[in-house]
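Visitor: I have a chain to look over with you. Please put the sequence and structure up, and then I will ask my questions.

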Amino acid sequence: LLYLDDDAFPKARHTGSKISWFFRSLQKGDRITIRVRLQVAENCPPSEISNLAHFQHSLLPKPLASNPAAIKIEGFQIKLQKTVNRTQARPADTLEYQITINNPATQPLPAARLQDALAAELELVSQQGGLSFQQQGNTLVWKGDIAAGKETSVSFRARIRDDVAAGTVIANRAGLESTVLTEPLSSNTVS
C-alpha cells in the first residue's frame with residue numbers, strides 16, 4: 001500500500017511502512033477519527049491485505065489494538081478471445097484471425113505482450129491493430145498498454161500453404177503477458 005494523505009492534525013510521520021500520529025493531549029471522553037487514503041501498488045499480486053491500528057500512551061500497560069481492516073486485492077480479470085472466419089478451407093485459401101483483449105479493470109494493463117505462433121501450415125499475409133507489431137520468425141508479436149475498461153483488438157490474415165494435405169487441422173491460440181499479470185494468459189484454441 002502507498003500512503004497518499006490523511007485528515008489528521010498534526011500530520012503523520014512515516015517510518016518504513018509505519019504511519020504514526022502524535023497528539024499532545026487527550027481529555028477523558030475525547031474521540032479521534034483519522035481517515036487515511038492509501039493506494040494499492042500497481043504491481044500488487046492478488047492477495048488480502050490486513051491492517052491494524054495501535055494506540056499507545058504512557059499510562060497504558062501495553063498498546064491497544066484495533067480490529068483488523070482487510071481488503072481483498074483481486075487480479076486483473078483480463079479476457080483473451082481469438083476467432084477465425086472459417087472452419088473449413090483449402091490450400092491457398094486465406095484465413096482471417098482476430099484476437100480481442102478485454103480489460104474491464106479500472107487500471108490499464110501496462111507493457112502487454114500479445115503473441116501468436118503461426119502454425120507451420122500458414123504464412124502471414126497482413127496484420128492490423130492498435131498495438132505495435134513485429135514478426136519474429138513464425139511468431140507474431142504485438143506490444144503496448146491496454147487501456148482500463150476497454151477492448152483492444154488485433155487481426156491478421158494468413159494464407160494456407162499450397163503443400164498442406166487435405167484433412168489437416170490447423171489449430172492455434174494466442175498468449176498474453178504483462179508486468180502486472182502473475183502468469184501468462186492463453187486464448188481459446190481455434191481451428
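Visitor: Which residue forms a salt bridge with Glu123?

Guide: This is a predicted model, so local features need pLDDT of at least 70, side-chain atom pairs count only at pLDDT 80 or more, and totals for chains, interfaces and linings use all residues. Residues are numbered from 1 along each chain as its sequence is written, and side-chain values use heavy atoms, with hydrogens and water left out. A salt bridge here is a side-chain nitrogen of Lys or Arg within 4 Å of a carboxyl oxygen of Asp or Glu. With the closest N and O atoms 3.0 Å apart, the partner of Glu123 is Arg161.

Visitor: Is Asp162 buried or exposed?

Guide: Buried means under 20% relative accessible area, exposed over 50%, and partly exposed in between (1.4 Å probe, protein chains only). Asp162 forms a salt bridge with Arg159, with the closest N and O atoms 2.6 Å apart. Arg159 has 21% relative accessibility, so Arg159 counts as partly exposed. Asp162 has a relative accessible area of 54%, so Asp162 is exposed.

Visitor: Which residues are linked with Glu123 in a network of salt bridges?

Guide: Glu123 pairs with Arg161, and Asp162 pairs with Arg159. The network links Glu123 with Arg159, Arg161 and Asp162.

Visitor: In what order do the strands of the open sheet lie?

Guide: Strands pair if DSSP finds at least two bridges between them. The edge strands, each pairing on one side only, are strand 9 (79–84) and strand 12 (122–129). Six bridges join strand 9 to strand 10 (residues 94–103). The four strands are antiparallel in their pairing, in the order 9-10-15-12.

Visitor: What is the bridge partner of Val84 in strand 10?

Guide: Strand 9 and strand 10 run antiparallel. In strand 10, Val84 has as its bridge partner Tyr97.

Visitor: Why does the pair of Tyr97 and Phe156 tie together parts of the chain, and how many residues apart are they?

Guide: Rings of Phe, Tyr and Trp (its six-membered ring) pair if their centres lie within 6.5 Å; planes under 30 degrees apart count as stacked, over 60 as edge-to-face and the rest as tilted. Tyr97 and Phe156 are stacked, 4.9 Å centre to centre with 20 degrees between the planes. Both are buried. Tyr97 lies in strand 10 and Phe156 in strand 15 (residues 150–160), so the pair ties together parts 59 residues apart in sequence.

Visitor: Which residues form one aromatic cluster with Tyr97?

Guide: A search of the whole structure finds three aromatic pairs. Tyr97 forms one cluster with Phe133, Trp142 and Phe156.

Visitor: Which peptide bond is cis, with omega near 5 degrees?

Guide: Look in the loop between strand 1 and strand 2, where Pro10 is found. The cis bond runs from Phe9 to Pro10.

Visitor: What is the phi of Ala92?

Guide: Ala92 is in the loop between strand 9 and strand 10. Ala92 is not a glycine, yet its phi is positive, about 80 degrees.

Note on methods: Helices (H or I, at least four residues) and strands (E, at least two) are DSSP runs, numbered from the N terminus.
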